[in-house]
Amino acid sequence: MAVSATAHRDHVIDAAAALDRTVALFQADLFPGADAATIVRALTSTRVTVTADTASLGSPTGRAALVGTVSTVARLGAAVSIVLPVTVANDRIPPLIAARVTLKSALDELLNSLITPPSAGEADVVISLSVPVDEDTICIGGDGFTARLAIGESAGGWSGREPYGAGLAAAAAGAEVARHAMRHLASVVAIAPHYRDKLLPRPTVLSLPAFDTPSGGVDLGALDIVSAGAVTHAVLFTLMRVADLAAYIRVIDDDIGEIHHLNRYELLKVQGLDVPKTILLESFSTPQLHIRGIQTRFTDASDLRDSLAPRVLVGADNVQARQDAQSYAPGWLGVGATGHLEIAVSEHEPGGPCAACKHATAEHHRHQRFPTISFVSSLSGTLLAYLTVRDAVSPPTRREQISVLDALNLAGATLHIEPVQPNPLCPLRCIASARRLGAIAHHSA
Ligand SMILES: [Zn+2]
């Protein structure tokens with residue numbers, strides 16, 4: 001027996017306003033000639049059913065994949081219906097992230113903020129966390145560090161504890177829903193040549209190198225996060241799902257939640273609109289995962305700059321903020337950057353290639369309508385949370401960057417993991433860049 005979760009909507013969301021930045025991405029990269037209304041219609045007319053069985057929901061990775069997938073797909077503007085075993089409606093499934101937050105309450109809250117309400121009609125896309133219902137069903141499965149997406153056949157179910165595989169799966173499923181809307185659009189407007197032969201669903205396996213988490217849990221200690229934007233939302237969404245994670249987090253931002261953030265901010269619901277972003281994120285605080293908002297611009301707060309935590313994350317979408325954070329971070333720094341369909345996540349430590357080696361030139365998009373899409377932001381945050389926890393429990397011998405060149409075309413080799421390189425043109429002239437410059441001068445002398 002199954003139940004469909006239903007939404008109780010207090011607010012009517014203006015879909016065109018909520019999807020403004022997604023439309024900007026469709027126009028910039030996918031359908032250069034399409035008008036906004038046509039794109040919004042293609043996205044909001046896509047009907048998606050997400051379904052799971054008791055076995056997948058009995059696994060923490062399956063529960064993380066369910067909530068992540070619903071959020072990622074709903075933020076694309078699709079109408080999402082959720083079909084779950086009846087035990088979930090009765091809340092007999094273990095708590096999701098903390099005692100207060102059950103799977104049902106998390107989904108109910110999400111459904112209150114869907115850009116497009118669930119549709120009674122037949123689904124265009126079925127996403128299953130277990131077995132397929134027909135030959136077109138998108139099945140997602142995986143474990144703590146791996147995601148599998150299969151078409152019309154089982155993806156092997158869910159196992160493991162860590163939330164990173166679930167984050168990869170949610171992004172891959174989101175990309176497939178976007179692709180469905182693209183197929184629909186391609187029948188009425190011209191598609192960019194690069195995507196002409198990339199319209200069919202893509203089975204995929206995505207994997208991050210696994211690391212062991214101590215049985216006693218993860219203690220991140222003090223962590224400062226610059227910006228409360230999309231990447232930070234996805235980082236916190238992921239950290240909340242790491243078993244027994246303790247942290248004292250400060251989030252530094254002076255902005256408020258706006259409707260055009262709904263397309264990608266994983267923790268934003270309509271109740272968070274017009275509220276300072278830091279206050280919204282504080283509301284996710286638990287006794288173990290303490291989140292405190294600091295409502296200011298990082299660059300304006302000199303006392304803050306000089307007292308940053310041993311670990312700092314930057315999710316800000318501008319190069320200057322990344323360089324500023326690097327200038328003041330006393331220890332490990334993680335950077336999550338996105339641009340259109342591209343992701344660059346990296347880690348830096350004193351003496352090694354710095355964040356300014358990686359992000360050397362400032363872009364000029366501060367006041368532009370910057371193109372974004374849900375699965376790019378969620379994937380970036382998943383990867384940055386992965387680097388952060390790995391540094392705390394199992395630091396690698398070399399500092400690494402993970403990049404994705406086209407998040408719409410996720411495939412096995414998509415996650416490029418490589419050491420961060422020193423850049424002789426580093427604007428901060430860090431030690432690693434000076435050493436590199438010296439080596440070049442020596443070589444050419
Ligand atoms: Zn540098």
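The model is predicted: local features need pLDDT of at least 70, side-chain atom pairs count only at pLDDT 80 or more, and totals for chains, interfaces and linings use all residues. Residues are numbered from 1 along each chain as its sequence is written.

Begin by colouring domain 1 (2-207) and domain 2 (218-436) separately; their bounds come from an automatic or database domain assignment. The two centres, taken over C-alpha atoms, are 24 Å apart. Their contact takes 44 residues from domain 1 and 35 residues from domain 2, where contact requires C-beta atoms, placed from the backbone, within 7 Å. On the side of domain 1 that touches domain 2, the largest share, ten residues, comes from H8.

Next, select helix H8 (residues 164-186); helices (H or I, at least four residues) are DSSP runs, numbered from the N terminus. Of its 23 residues, 20 are buried, meaning that 20 or more other C-beta atoms, placed from the backbone, lie within 10 Å of a residue's own.

Then display the largest nonpolar core, in which Ile140, Ala172 and Ala407 touch the most other members of the 131. Such a core is a set of buried Ala, Val, Leu, Ile, Met, Phe, Trp, Tyr and Cys residues joined through C-beta atoms within 7 Å. H8 gives the most to this core, 14 residues. Because domain 1 and domain 2 both give residues to the core, it lies between them.

Finally, centre the view on alanine 407. Beyond its neighbours within four places in sequence, its contacts include Ala171, Ala175, Leu341 and Phe375.

Note on methods: Helix = DSSP H or I, 4+ residues; strand = E, 2+ residues; numbered from the N terminus. Expected span 1.5 Å × (residues − 1). Buried ≥ 20, exposed ≤ 12 C-beta atoms within 10 Å, placed from the backbone. Contact = placed C-beta atoms within 7 Å.
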